[in-house]
Amino acid sequence: MFKKIGQRAKEPELMDDFSIGGTELREALQHLRLLNRIFGAAVPTLYGVKRLWLEKGKQRTLSILDIGSGSGDVNRHLLHWADSNQIDLTITLIDITEEACEEARQYFHHEPRVKVIRDDLFSIPEACADIITGTQFVHHFAANELPRVVDRMLKASRLGVVINDIHRHWIPWAAVWLATRVLSKNRYILNDGPLSVAKGFRSADWQHLGKALNTPEMFYAWRPLFRYVVVLNKPRSDSNIGVEQG
């Protein structure tokens, strides 16, 4: 595996097979929440949202749409941040599977600021939320699909997009392989955990994406623990394409 990790893995994850699912997928989503806490999965998303919010003038009302949200648990951190900054925040969680939507509804059942919808990226309307986020979402797509996916996320936003995804490297691969085997016997977790790292990204991948996109500004940076945050501002017709490396 360590020799092969130089290139993104191409095999689909079990979570990409919508013909299975059920209670085993619900259990996997519950275990994934624990892994997200252990590996600090929410931190890069919060970093990116704060960056866009500051750049766009610290508006007091903000809407976020989290695409491919799963349980949506990383959004707890966004809600706490909004509370501490007196921001009127609403969050829409969208996932293509009913299992993920049910987990999200249960997880946020006492939170009126969060709405859950079963849908997919290419069905949501343009300019439907201020910020579109995708946490551990875009690695599910092949390299030749990424520009279309991210462009669609930009079209759905009013301010910009925040992507939070995994750094492809042998250290997080080994850490995730070990953690999944200690914490779970669920086949989704055992298979998809290490595979998601192998399907992750390196700096060159984001550079290639930036060149393919018709967007005036793209920032990306490595963040602990072994993740990348990518922030894209909504394109303006009078701007040129540029990529800033953080």
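Lysine 58 is partly exposed, with a relative accessible area of 45%; buried means under 20% relative accessible area, exposed over 50%, and partly exposed in between (1.4 Å probe, protein chains only). The residue has a positive phi of about 55° although it is not a glycine. Lysine 58 sits in the loop between α2 (42-55) and β1 (61-67). Helices (H or I, at least four residues) and strands (E, at least two) are DSSP runs, numbered from the N terminus.

Alanine 127, also not a glycine, has a positive phi of about 50°. Its place is the loop between β3 (114-118) and β4 (129-135), and at 36% relative accessibility alanine 127 counts as partly exposed. A cis peptide bond joins proline 224 and leucine 225, with omega about -10°. Leucine 225 is found in the loop between β6 (218-223) and β7 (227-233).

## Basis of the model

This is a predicted model, in which local features need pLDDT of at least 70 and side-chain atom pairs count only at pLDDT 80 or more, while totals for chains, interfaces and linings use all residues. Residues are numbered from 1 along each chain as its sequence is written, and side-chain values use heavy atoms, with hydrogens and water left out.

## Packing of α6 and α7

Helix α6 (residues 170-183) packs with helix α7 (residues 187-198) at an angle of about 170°, their axes 9 Å apart. Axes are lines fitted to C-alpha atoms, for helices over the stretch in contact, and angles run from 0 to 180 degrees between N-to-C directions. The two helices, α6 and α7, are therefore roughly antiparallel (angles over 145 degrees).

In α6, the residues Pro172, Trp173, Val176, Trp177, Thr180 and Arg181 meet Ile189, Leu190, Gly193, Pro194, Val197 and Ala198 of α7; contact means heavy atoms within 4.5 Å. The residues of this contact divide into 9 nonpolar, 2 polar and 1 charged. Ala, Val, Leu, Ile, Met, Phe, Trp, Tyr, Cys and Pro count as nonpolar, Asp, Glu, Lys and Arg as charged, and the others, Gly among them, as polar.

## Strands β2 and β3

Strand β2 (residues 88-95) pairs with β3 in the parallel sense over 5 bridges (pairing requires at least two DSSP bridges). Aspartate 95 has arginine 118 in β3 as its bridge partner. From β2 the chain crosses through helix α4 (residues 98-107) to β3, in a right-handed β-α-β crossover.

## Buried side of α5

Helix α5 (residues 146-156) has as its buried residues Leu146, Val149, Val150, Arg152, Met153, Leu154 and Ala156. These buried residues of α5 pack against β1, β4, β5 (157-166), α8 (203-212) and β7.

Technical notes: Parallel < 35°, antiparallel > 145°, perpendicular 65-115°, else oblique. Right-handed = clockwise from strand over helix to strand, strands pointing away.
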